[in-house]
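Open the model in your viewer and keep the selection tool at hand. The stops below say what to pick next and what is found there.

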Amino acid sequence: MGSLCDWPEPVICVQSLSESGDLVIPDQYVKPPLERPILCFNNVNIPVIDLAGLVTSREAIMKQISKACREWGFFQLVNHGVRTVLVDRVPEIWREFFHEPMEVKQKYANSPKTYEGFGSRLGVEKGAILDWNDYYYLNYLPHCHTKWPSQPPSLREVMEEYSSEILRLGAVLLKIFSINLGLEEDYLQNAFGGRDIEACLRANFYPKCPQPDLTLGLSSHSDPGGMTFLLPDKQVCGLQIRKNDQWITVKPTRHAIIINIGDQLQVKFPLDPKPLNCQFVLSNAIYKSVEHRVVVNPDKERVSLAYFYNPKNDLLIQPIPELVTSKTPALYPSMTFDEYRRFIRTRGPHGKVQVDSLKPPR
Ligand SMILES: O=C(O)CCC(=O)C(=O)O
């Protein structure tokens, strides 16, 4: 197992592999047979919810959101209030960045210590099978000490504008989730650290792949944080979510933002008789933090932007003390979000197996 200070092997940029014209992908990208993708296009899609209805048909929309969080852990939001010019612009500005010359991108090469910057692998396990993607990772809140790329020149401005709109939308959703769960409306926001939430983002670039049936753009994983706002590529599908042990390909709706519940929002509520008790993370969830992955394409590159809305990173995530009794012991060790994420990051995307491997406290 490598350390979180440096990558265990020299990092190869996936875009350069793609552009080499080689028709065979290197062995370290070939997934074991059971993990290889099936490119399925069924008629099922994740729910699409029109947030404008919150004004006219509040109860119905609240119910749709509740159902989506419980049954899918994923939904697409339209009329979310984030300006459509931004929804269009954000993935495109990142595409422009990924098409900058390699020397420009390499100036921002990242390390596993903070992940900030340009990278091509997740996880520090030596000899791990890698994913077919390059990415750019930025820590945004609480301290914007980020490595902003200087090209394209308007990238930072566009992202700051987008961020402020997402933070506003995130606060609205946390209120809706709280109310839907029978909590005070500011319960979850406070539990996330109030105004001191953490936010970070990852722009993903999935270059064309000559053998898309052998590899994945991003291996199956659930998001460790609170919730994720995903802007998918407008032209190219690729995101798949696991539902009832089947992979469903998400068909993005125009100008929608895809929302998914992260591990920290997978909450357990002993609904009766104590509706206000809640246990964060790793429980018999009502809300689902669902596994998802990305498949790649032989003819088209794909870009997406995942914005992670997370609890404050030094917040101890633990069962509410009154809930822990000799009959109902804590199921998982208490840890801060930062510790939890570090644990997840060591291995890189690995489904939810690693979440389940957390041991109860002694
Ligand atoms: O590219 C996508 O559609 C999904 C990206 C994702 O799951 C992630 O960045 O965590």
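**Stop 1: a bridge and its sheet**

Select Gln240 and then Arg293 of strand 11, which is its bridge partner. This is a predicted model, in which local features need pLDDT of at least 70, side-chain atom pairs count only at pLDDT 80 or more, and totals for chains, interfaces and linings use all residues. Residues are numbered from 1 along each chain as its sequence is written. Helices (H or I, at least four residues) and strands (E, at least two) are DSSP runs, numbered from the N terminus.

Strands count as paired if DSSP finds at least two bridges between them. Both belong to an open sheet of four strands, ordered 6-11-8-9 with antiparallel pairing. At its edges are strand 6 (218-221) and strand 9 (246-249), each pairing on one side only. On average, neighbouring strands here are turned by 25° against each other, direction ignored.

**Stop 2: around the ligand**

Next select the ligand and the residues around it, among them Arg202, Asn204, Asp223, His292, Val294 and Ser304. A residue is near a molecule if its C-beta atom, placed from the backbone, lies within 6 Å of it. Strand 5 (198-206), strand 11 and strand 12 (302-310) each supply at least two residues of this shell. The shell has six nonpolar, four polar and two charged residues. Here Ala, Val, Leu, Ile, Met, Phe, Trp, Tyr, Cys and Pro count as nonpolar, Asp, Glu, Lys and Arg as charged, and the others, Gly among them, as polar.

**Stop 3: strand 2**

Move to residues 74-78, strand 2: four of its five residues are buried, so the strand is largely enclosed by the rest of the structure. Buried means that 20 or more other C-beta atoms, placed from the backbone, lie within 10 Å of the residue's own. Strand 2 pairs with strand 1 (residues 48-50) in the parallel sense over three bridges; Val48 has Gln76 of strand 2 as its bridge partner. Four bridges also join strand 2 to strand 10 (residues 257-261), and these run antiparallel. To find one, select Leu77 and its bridge partner Ile257.

**Stop 4: two helices**

Last, select helix 3 (residues 58-71) and helix 6 (residues 155-180), whose axes come within 10 Å and cross at roughly 85°. The two are therefore roughly perpendicular to each other, a term for angles of 65 to 115 degrees.

Key
Axes fitted to C-alpha atoms, helices over the stretch in contact; angles between N-to-C directions. Buried ≥ 20, exposed ≤ 12 C-beta atoms within 10 Å, placed from the backbone. Parallel < 35°, antiparallel > 145°, perpendicular 65-115°, else oblique.
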